[in-house]
Amino acid sequence: LVYWRQFVTGIFSRQTLKMKRGREHVEAPNAILFGTGEYTTGLTPSGQAKSDKGLGVVGLTFFDLRTRGKIGDRIAMCGTSADKLPKIKDHFRQNLTFTNIQNKEFEFFPKNGRDPKAYMEALKMYEPGDVCTVFTPDDTHFEICKAALQRGLHVCVTKPMVKSLAEHKELVSIAKEKGVLLQIEVHKRFDPIYNDARQRLQVLGDFGYFTSFMSQPKIQLETFKDWAGLSSDISYYLNSHHVDFHVWAMQGIAKPVSVYATSSSGVAEKILGRACEDTITLNVTWKNLSGSTGHALYTSSWVASKSDVHSQQRFFCQMEKAEVSVDQAHRGYYVAEDGVGFSSCNPLYIRNKPDSLGRYVGQGGYGYISFERFVDAATEIRQGAKPEDFDKELPTGASTLQVTAILEAGRRSLDLGRAVSILYDAGGVVDRLE
């Protein structure tokens with residue numbers, strides 16, 4: 001009920017805003033989906049994902065958005081190898097069988113062979129004002145996002161947006177110059193429970209203490225084996241969720257000022273055969289605008305054992321006037337199935353079970369809404385709105401600098417063995433790390 005009231009109100013306010021501004025109708029944007037892995041297609045190196053994302057999230061969502069008229073006729077998927085195309089098509093044919101999504105056609109890049117720069121070819125085939133998603137290894141986000149922004153596309157990139165504050169600032173600058181939207185895909189913001197918790201935290205006084213934990217089972221290291229511990233780490237990958245939520249919740253209340261990171265190792269090294277942290281904790285000191293101090297512990301791991309959920313995820317926050325805690329992994333809905341086992345289900349995130357007529361009905365999931373809000377905002381910008389109009393509502397590049405500052409400071413702290421400070425300019429904007 002909370003979600004639907006929020007969702008309907010959001011749609012109504014947008015429609016009203018459009019009418020007030022008297023914008024003319026424009027064609028829906030076409031879309032490029034960069035990255036052809038689990039989150040986009042539902043495929044891993046060993047076949048269909050065994051996680052809750054076996055149908056993929058991005059591809060399915062955009063096929064449905066096209067059916068609803070929010071995305072234009074053209075959808076492209078872009079990876080690095082043409083050899084993957086037959087596998088994706090076969091997977092979609094066998095598993096995306098919803099009766100209300102008939103059109104699953106898409107263009108594919110590269111056209112032939114292997115090409116790590118295929119994203120450049122894809123961008124040439126699309127126009128300024130179109131939209132794109134970036135779900136690729138962390139160390140490729142910057143170059144793909146930069147090229148897309150320079151082409152004039154609106155960009156929605158998975159967390160972490162980039163791995164350094166300098167890269168983050170550069171992308172924000174390009175987006176501003178081109179007048180396009182740059183958004184991080186952090187779907188926890190659209191979970192009705194997390195969203196409600198954030199609004200409550202905004203009015204509960206000064207910040208005191210925050211702790212979060214998020215994990216994924218060690219079998220995921222098979223999916224991440226090409227980059228885990230090489231080009232990125234578990235903190236960038238999973239801590240980014242709760243770091244973003246906390247930064248968002250503390251807007252106008254407090255700011256992060258220093259980071260000290262610690263880690264565990266041993267399990268991932270045995271699986272991957274190379275150095276790789278198992279678990280990383282970021283100990284972050286926060287300064288309230290009133291002058292008092294708070295602190296936060298963000299912990300993430302990818303060596304969890306198989307359990308009732310794919311991802312453990314929870315937080316506790318102590319404020320001046322109240323305490324707030326959320327266990328996002330457990331919603332009171334459990335299924336025990338022969339051959340599958342015991343599981344705690346969360347259809348509030350993604351719902352892949354069809355209705356009684358075989359239709360896809362996952363539009364209410366916050367994993368879906370995250371993309372829909374991005375597409376809606378891009379469409380409004382195409383109709384005359386300004387990208388900065390969405391800085392307070394969406395996780396835009398301009399509003400998430402502190403997130404990248406914390407994550408990069410954590411990586412630096414691990415490498416240097418000391419605390420890393422986050423410094424601000426005279427206007428209160430993150431300036432640099434020291």
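**Strand β9 and beyond**

Author: Let's start with Met-214, which stands opposite Ser-300 in β12. This is a predicted model, by the way. Met-214 also stands opposite Gln-313 in β13. Behind those two pairings are two strand partners for β9, which covers residues 207-217. With β12 (residues 293-304), β9 pairs in the parallel sense, over eight bridges. With β13 (residues 313-319), the strands run antiparallel, and seven bridges join them.

Now for the open sheet. Six strands make it up, in the order β5-β4-β1-β6-β7-β8, and the pairing is parallel. At the edges sit β5 (107-109) and β8 (182-185), each of which pairs on one side only. On average, neighbouring strands of this sheet are turned by 20 degrees against each other, direction ignored.

Helix α3 (residues 58-67) lies across β1 (31-34), β4 (75-78) and β6, and runs at about 170 degrees to β4. Helix α6 lies across β1, β6, β7 and β8, running at about 165 degrees to β7.

What angle do α6 and α7 pack at, and how far apart are their axes? The angle between α6 (residues 141-151) and α7 (residues 165-178) is about 15 degrees, and the axes are 9 Å apart. Angles under 35 degrees count as roughly parallel, so α6 is roughly parallel to α7. The crossing in which α6 passes α7 is left-handed. On the α6 side, the residues that meet α7 are Phe-142, Cys-145, Lys-146, Leu-149 and Gln-150. Their counterparts in α7 are Glu-167, Glu-170, Leu-171, Ile-174, Ala-175 and Lys-178. Sorted by class, this contact of α6 with α7 has six nonpolar, one polar and four charged residues.

Next, two loops with a proline each. Most peptide bonds are trans. The bond from Phe-109 to Pro-110, however, is cis, with omega near 5 degrees. Pro-110 has its place in the loop between β5 and α5 (118-124). Another cis peptide bond joins Lys-159 and Pro-160, where omega is about -10 degrees. Pro-160 is in the loop between β7 and α7.

Is Ser-231 buried or exposed? Its relative accessibility is 13%, so Ser-231 counts as buried, since the cut-off for buried is under 20%. Ser-231 lies in the loop between α9 (220-223) and α10 (234-249). Leaving aside its neighbours within four places in sequence, Ser-231 is in contact with Asp-139 and Lys-163. Ser-231 and Asp-138 are 93 residues apart in sequence, yet C-alpha to C-alpha they are 7.0 Å apart in space.

Last stop: Gln-402, found in helix α13 (residues 401-416). Gln-402 has a relative accessibility of 18%, so Gln-402 counts as buried too. Which residues is Gln-402 in contact with, leaving aside its neighbours within four places in sequence? They are Val-247, Lys-255, Pro-256, Trp-286, Tyr-424 and Val-430.

Definitions and conventions
Residues are numbered from 1 along each chain as its sequence is written. This is a predicted model: local features need pLDDT of at least 70, side-chain atom pairs count only at pLDDT 80 or more; totals for chains, interfaces and linings use all residues. Side-chain values use heavy atoms; hydrogens and water are left out. Axes are lines fitted to C-alpha atoms, for helices over the stretch in contact, and angles run from 0 to 180 degrees between N-to-C directions. Helices (H or I, at least four residues) and strands (E, at least two) are DSSP runs, numbered from the N terminus. Angles under 35 degrees count as roughly parallel, over 145 as roughly antiparallel, 65 to 115 as roughly perpendicular and the rest as oblique. A crossing is left-handed if the near helix is turned anticlockwise from the far one by less than a right angle, and right-handed if clockwise. Contact means heavy atoms within 4.5 Å. Ala, Val, Leu, Ile, Met, Phe, Trp, Tyr, Cys and Pro count as nonpolar, Asp, Glu, Lys and Arg as charged, and the others, Gly among them, as polar. Two strands pair if DSSP finds at least two bridges between them. Buried means under 20% relative accessible area, exposed over 50%, partly exposed in between (1.4 Å probe, protein chains only).
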